[in-house]
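Here are some notes for reading the structure with the sequence at hand. Please take the points in order and look up each residue as it comes.

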Amino acid sequence: MSQITVRGGKPLVGRVEVRGAKNLVTKAMVAALLGDAPSELRDVPHISDVEVVSKLLQLHGVKIEHSDDGTMSLDPTNVKSARMVDIDAHAGSSRIPILFCGPLLHQLGEAFIPDLGGCHIGDRPIDYHLEVLRNFGAVIDKQPNGIRLSAPDGLKGAKISLPYPSVGATEQVLLTSVRAEGLTELTGAAVEPEIMDLIAILQKMGAIISVDTDRVIRIEGVKTLGGYSHSALFDRNEAASWAAAALATHGDIFVGGARQQEMMTFLNVFRKVGGAFEIHDDGIRFYHPGGDLQPVVIETDVHPGFMTDWQQPLVVALTQAKGLSIVHETVYENRFGFTDALVQMGAQIQIYRECLGGNPCRFGQRNFNHSAVISGPTPLHGADIRVPDLRGGFSHMVAALAAEGISNVTNVQLISRGYEHFLAKLEALGADFTYTE
Ligand code: EPZ
């Protein structure tokens with residue numbers, strides 16, 4: 001198991017580049033499957049989520065080339081069925097395979113999707129996805145290690161209302177409806193920037209999609225779609241992670257590729273905590289301007305609210321704020337597991353099952369520890385910590401870099417699932433660490 005030994009207490013200073021968003025590029029790759037011509041996707045990071053989806057697409061006959069500069073070509077003109085055992089072997093811990101359903105049903109009339117993996121931050125159900133597929137006319141058979149789908153009467157447009165603006169379920173509707181027969185109307189849709197970028201890609205392919213007010217998306221199905229040429233939206237989650245790292249280590253990090261528009265909610269909170277930033281044409285400079293960090297009350301939410309993926313790295317900075325901060329996590333029911341390691345390092349964090357700091361949410365009366373109170377400032381000292389998931393793992397690294405003394409961080413490979421060239425970036429920022437496979 002890969003391990004990093006960190007000598008903390010040094011400010012992170014320097015420049016890192018973020019490329020295409022992990023949570024967009026993998027969906028854009030699946031979208032290429034719907035086309036009858038090759039596509040080109042630019043700024044695709046070399047991360048394991050991309051490798052998993054590449055392998056699954058290649059299993060289905062898609063030719064893929066991914067160059068060092070991040071340009072990926074995808075040729076779906078010879079799509080074919082794949083053996084269940086191979087799909088199962090390659091799906092790994094990704095949740096993206098569930099998004100193959102619509103495109104494979106359109107191309108082949110059948111699909112096999114293995115049971116899904118993904119980070120352990122709640123039970124990550126797929127009930128909305130299955131409901132959506134049934135609405136389009138898919139027949140779903142549960143198999144021992146996954147689900148087999150067919151569409152005996154083809155896929156027809158449907159009127160769908162999501163009980164929660166789920167990003168994945170919205171993508172499921174988009175990827176299935178664009179070539180379904182007739183009209184689809186989706187209410188309660190997610191409208192994250194990554195969703196809007198996927199809609200832009202589908203429109204380039206020939207889809208007819210409109211995003212109306214109050215989260216209503218309408219799609220007019222078309223018979224065929226072409227290829228696309230697209231530069232992926234930057235990874236605002238990675239950008240926010242480095243910003244939080246700058247704050248927690250009293251550092252100064254220029255994040256090349258970051259743009260203000262998609263990060264405005266984060267920038268407001270970053271400023272309220274006491275961070276400073278400068279918007280440039282080629283990125284954003286995030287730095288600790290000196291003085292005390294201030295406590296804040298944060299409630300995570302769907303876009304344009306404060307992203308759930310932003311809270312873990314920021315909590316590390318809040319352990320250094322002067323006073324009590326509150327984080328009310330309303331998107332996932334169990335996303336504070338990472339705070340155990342921070343407490344081990346000296347942080348004062350208490351998690352509660354009540355909805356604290358804001359409006360009652362769907363987890364309030366269901367016994368989930370989904371609110372946290374962080375009391376600071378507390379000096380952090382090194383500890384032996386094991387990375388639990390992608391975003392929590394990044395927070396553990398930030399805490400180790402901010403702490404006085406030595407920390408051994410294991411299970412680090414989980415971090416490189418979503419942060420391209422992670423170790424090289426730490427090195428570029430002056431972090432003092434050694435890495436062992
Ligand atoms: C996407 O996950 C992202 N992952 C997540 O990022 C992100 O945190 C999340 O959207 C919210 O923005 C990818 O894009 C690969 P959801 P997704 O469907 O689509 C419940 C990261 O670290 N739900 O919006 O799985 C679900 O349990 C990851 O990059 C159902 O109940 O998120 C959760 O409570 C972490 N049934 C809520 O909806 C379903 O069928 C939001 O999930 C689907 C979801």
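1. Which backbone oxygen lies 2.6 Å from a polar atom of the side chain of threonine 330? It is that of threonine 300. Keep in mind while checking this that the model is predicted.

2. Threonine 330 sits in the loop that runs between strand 18 (323–328) and helix 11 (339–344). Although it is in a loop, threonine 330 counts as buried, because its relative accessibility is 9% and the cut-off for buried is under 20%. Leaving out residues up to four places away in sequence, threonine 330 touches Tyr164, Glu299, Thr300, Asp301, Cys361, Arg362 and Phe363.

3. One of the residues that threonine 330 touches is Cys361. Cysteine 361 is itself buried, with a relative accessible area of 18%. A search for disulfides across the whole structure finds 0. Cysteine 361 is accordingly in no disulfide, and the nearest cysteine sulfur, which belongs to cysteine 355, is 3.8 Å away. A disulfide would need the two sulfur atoms within 2.5 Å.

4. Another cysteine to look at is cysteine 101, which is buried with a relative accessible area of 0%. Cys101 belongs to helix 4, where Gly102, Pro103, Leu104, Leu105 and His106 are buried as well. Helix 4 covers residues 101–108, and since 6 of these 8 residues are buried, the helix is largely enclosed by the rest of the structure.

5. Aspartate 75 deserves a separate check. Its place is in strand 5, which spans residues 72–75. Aspartate 75 is buried and yet has no salt bridge. The nearest side chain of opposite charge is that of lysine 63, 4.0 Å away.

6. Which side chain does the side chain of aspartate 75 meet in a polar contact of 2.5 Å? The partner is threonine 77. Setting aside neighbours within four places in sequence, aspartate 75 is in contact with Pro38, Gly61, Val62 and Lys63.

Terms used:
Residues are numbered from 1 along each chain as its sequence is written. This is a predicted model: local features need pLDDT of at least 70, side-chain atom pairs count only at pLDDT 80 or more; totals for chains, interfaces and linings use all residues. Side-chain values use heavy atoms; hydrogens and water are left out. Helices (H or I, at least four residues) and strands (E, at least two) are DSSP runs, numbered from the N terminus. Buried means under 20% relative accessible area, exposed over 50%, partly exposed in between (1.4 Å probe, protein chains only). Lys and Arg count as positive and Asp and Glu as negative; His and the chain ends are not counted. A polar contact is a pair of N or O atoms within 3.5 Å; within protein, one must be able to donate a hydrogen and the other to accept it, and residues adjacent in sequence count only if both atoms are side-chain atoms. Contact means heavy atoms within 4.5 Å.
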